[in-house]
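Here is a short report on a structure with its interfaces and strands in view. Please keep the coordinates open while reading.

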Amino acid sequence: MTTNVTSTGNNARTRPNPGLPVIGRLVAPALLVVTVLFGGGLLLGFLQGLGYLPAAGMKVFTLQHFANVLADPDFFRSLGLTLYISVTSTAAAALISIFMALVLTSLAQRHRVVHFIFQIPLTVPHLVIAVAVVFMFAPTGLFSRAALKLGLINSSASFPLLTNDSWGIGIVCTYVWKEVPFITLMILSVLRRTGVELLEVGKTLKAGRRQRFFYITLPTIFPSLGAACLIVFAYTFGAFEVPFLLGQTYPMTLPVWAYKNYSDVDLLARPEGIAIGLIIAAVVTTAVVASQLLTKAARRRGLVL
Amino acid sequence: MGDLELKNITIGYGNTPVIRDFSLTVENGQMASLLGPSGAGKTTVLRAVAGLLQPRSGAIIIDGRPANGLPPEKRNAVMVFQKTLLFPFMNVEQNIGFGLQMQGRSTGEIRRRVEKILELTELTGLNRRKIHELSGGQQQRVSLARALVLKPAILLLDEPLSSLDATLRQHMRELIQDIQAQTRITTLFVTHDQAEALMMSQRVCLLLNGRIRQVGSPRELFYRPADPDVARFFGGCNFFEGRLKNGVYYSQYATVAAPGLSANGDRLTATIRPEDIRICADGNRGITGRVQKTSFEGTTTRIWVQCQDRVFVVLAPVTDLQAGQSVRLHLPPDKIRIFAAEN
């Protein structure tokens, strides 16, 4: 007698894909909120950027506002400043994060309190850190007064300008402080999962300390570091509150310029504000898509993220 | 190639010693196995030899030179880990050539040596293959090739076959044996699988609870275990007690001449391997028992037989014995191993 044994061939690891319609139904509520709030806002902004603002009597679609923005010599100054702040703060945060991740990896599990303290800035809003930077770095701030007390400077006026300055030092410091824990944690998870073991392999394969860093650590963390940096770049490029509080009045960063135009009492300035906003959105979207592509490519190559 | 000598090594994590007073010598060109159950401290010993752990005391001598203070990259020993731990961002060729590259060898030399080792490990043609495109067995062979290409004095293998399926595992065992025979690299092989240790090595070191229990040839450990724990580890399951009197061991199951033992009157434990017990048809020979249960194991059948107050496990060729059936067991005296009394 023969017995036919049928099997679905499925186990816990190869659970069948529920299919797009089922997944679609499950995520529909969240997707709807995002689509209406974000997509709706983007569409409305896009229409206004094209000059469609019936409240101000503008009903003709035109690219003129984009042309005006791009033709404005201040646009490239603002773009330059925004790029400078984003790139500088992202690069500084990345370098510090690599160092911090290596230090934290070498700490034993009993140093959990260090990890906890390190993660605190993640929960603090950017605005709060910006205000803290003002209290510390402003000419009348904590450091200035301390320097005055110590006799290092004669008056508050001789304290170097660290906020609302042309180099955006206060802004960069705020972003670095805020973003270092985020990038560090992204790298740390990779280092903890495979990095430590790969470093041990490197040791037994005769790689010295520097060689291990350049040939093992950096390639291991590269996808996570790259993805995290692109996200940080996207955020710092598009954020307006920190440069609004800590930046100089001229030139402004693109987000501050967009906000000022948008909130201008003259409704006719709004389409240009929106146009700038859409240009920012394009750059930010490109960075986020690049981050996703990098992550996907790394996964395809079997790298741990 | 070189000797490996471990002298009175003690290793611990925190305040807990994991390995105590461990000594072992692996001679030049020899393949030795460090055998023991999970948690016995086998990997700890290997990591100490590789330089990834520092022993609290004792000496590690690699190829005649003390290695205690040396960092891993300065030791003439390479370790192959339980997980393949290949660099996912490199292809096969780059992975294998990594160590040579770190040593600053020329591109030509690296290519030449990598090609040679690819052939030795049956990986020819896979040079440019990405790691995630390899099977488990291929990955393990790349991991082995990456270590072998450095021609270390000591090769340390930390259960490299444990994640492979049975067929692949057997193939890899044979491959490692062949490679070791060709290269004559002194190898210390860690495993918890007694069959693997017996098959692959010329010398086996059994580690139980952080201490060496017996070192010897595979046959010595299998047929002449030093104590009941060693016998148990190698599948021994038939233990009984008896008394020694004038060079003869008397037990209710067998009487054995034991001229080498001198503990007169002492109660001693003896063992016999399940495959050495004979089920006999002769009605007057052996001890009477009743079959409790049987278990078919392919080429053999495992039979549990209740004899007086003890259950004997017998491994016999395929049999049609049924539970409840009465049988007679013969315990050949030359197959009985009597353990000396512990002081």
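The report takes the domains, then the chain interface, then the strands.

## Basis and domains of chain A

This is a predicted model. Chain A splits into domain 1, residues 27–62, and domain 2, residues 64–300. The centres of the two domains of chain A, taken over C-alpha atoms, are 29 Å apart.

What do the two domains of chain A bury between them? The area is about 900 Å², and carbon and sulfur atoms give 74% of it. On the side of domain 1 of chain A, Gln48(A), Gly49(A) and Thr62(A) lose the most area to domain 2. Together these residues account for 43% of what that side buries.

## Contacts between the domains

Twelve residues of domain 1 of chain A contact eleven residues of domain 2 of chain A. Zero salt bridges are found across this interface. One residue pair is in polar contact there, with both residues at pLDDT 80 or more. The touching side of domain 1 of chain A holds seven nonpolar residues, five polar residues and no charged ones.

The size of an interface is often given as the accessible area lost when the parts come together. Between chain B and chain A that area is about 2200 Å². Carbon and sulfur atoms give 65% of it. On the chain B side, Glu73(B), Phe89(B) and Met102(B) lose the most area to chain A. By contact, 25 residues of chain B meet 21 residues of chain A.

Three salt bridges cross the interface of chain B and chain A. One residue pair to look at is Arg212(A) with Glu73(B), a salt bridge whose closest N and O atoms are 3.6 Å apart.

Which elements of chain B each supply at least two residues of the side that touches chain A? They are α1 (42–50), β6 (77–80) and α2 (92–102) of chain B. The largest share, four residues, comes from α2(B). By type, the chain B side divides into 16 nonpolar, four polar and five charged residues.

## An open sheet in chain B

Strands of a sheet pair through backbone hydrogen bonds, either parallel or antiparallel. In chain B, five strands form an open sheet with antiparallel pairing. Their order is β13-β12-β11-β14-β20. The edges belong to β13 (255–257) and β20 (337–338) of chain B. Each has a single partner strand, so one side of each is left without a neighbour in the sheet.

The partner of β13(B) can be given in detail. Strand β12 of chain B, residues 248–250, pairs with β13(B) over three bridges in the antiparallel sense. Within this pair, Tyr249(B) has Val256(B) of β13(B) as its bridge partner.

## Hairpins in chain B

Strands β9 (203–208) and β10 (211–216) of chain B run antiparallel and are joined by five bridges. Cys205(B) has Val215(B) in β10(B) as its bridge partner. The two strands form a hairpin with two residues between them. In the turn, Asn209(B) has a positive phi of about 50 degrees.

Strands β16 (287–296) and β17 (300–307) of chain B pair antiparallel over six bridges. Thr294(B) stands opposite Ile303(B) of β17(B). Three residues lie between the strands of this hairpin, where Gly298(B) takes a positive phi near 90 degrees. β17(B) also pairs with strand β18 of chain B, residues 310–317, over eight antiparallel bridges. Two residues separate β17(B) and β18(B) in their hairpin. There, Gln308(B) takes a positive phi near 55 degrees.

## Trp304(B) as a case

Trp304(B) is found in strand β17 of chain B. Its bridge partner in β18(B) is Val313(B). Leaving aside neighbours within four places in sequence, Trp304(B) contacts Arg290(B), Val291(B), Gln292(B), Lys293(B), Thr294(B), Ser295(B), Val311(B), Phe312(B) and Val313(B).

How far apart in space are Trp304(B) and Leu52(B)? They are 47 Å apart, C-alpha to C-alpha, and 252 residues apart in sequence.

Notes:
Residues are numbered from 1 along each chain as its sequence is written. Chains are lettered from A and ligands numbered from 1 in the order in which they are written. This is a predicted model: local features need pLDDT of at least 70, side-chain atom pairs count only at pLDDT 80 or more; totals for chains, interfaces and linings use all residues. Side-chain values use heavy atoms; hydrogens and water are left out. Domain bounds come from an automatic or database domain assignment. Contact means heavy atoms within 4.5 Å. Buried area is the accessible area (1.4 Å probe) that two parts lose on being put together, summed over both. A salt bridge is a side-chain nitrogen of Lys or Arg within 4 Å of a carboxyl oxygen of Asp or Glu. A polar contact is a pair of N or O atoms within 3.5 Å; within protein, one must be able to donate a hydrogen and the other to accept it, and residues adjacent in sequence count only if both atoms are side-chain atoms. Ala, Val, Leu, Ile, Met, Phe, Trp, Tyr, Cys and Pro count as nonpolar, Asp, Glu, Lys and Arg as charged, and the others, Gly among them, as polar. Two strands pair if DSSP finds at least two bridges between them.
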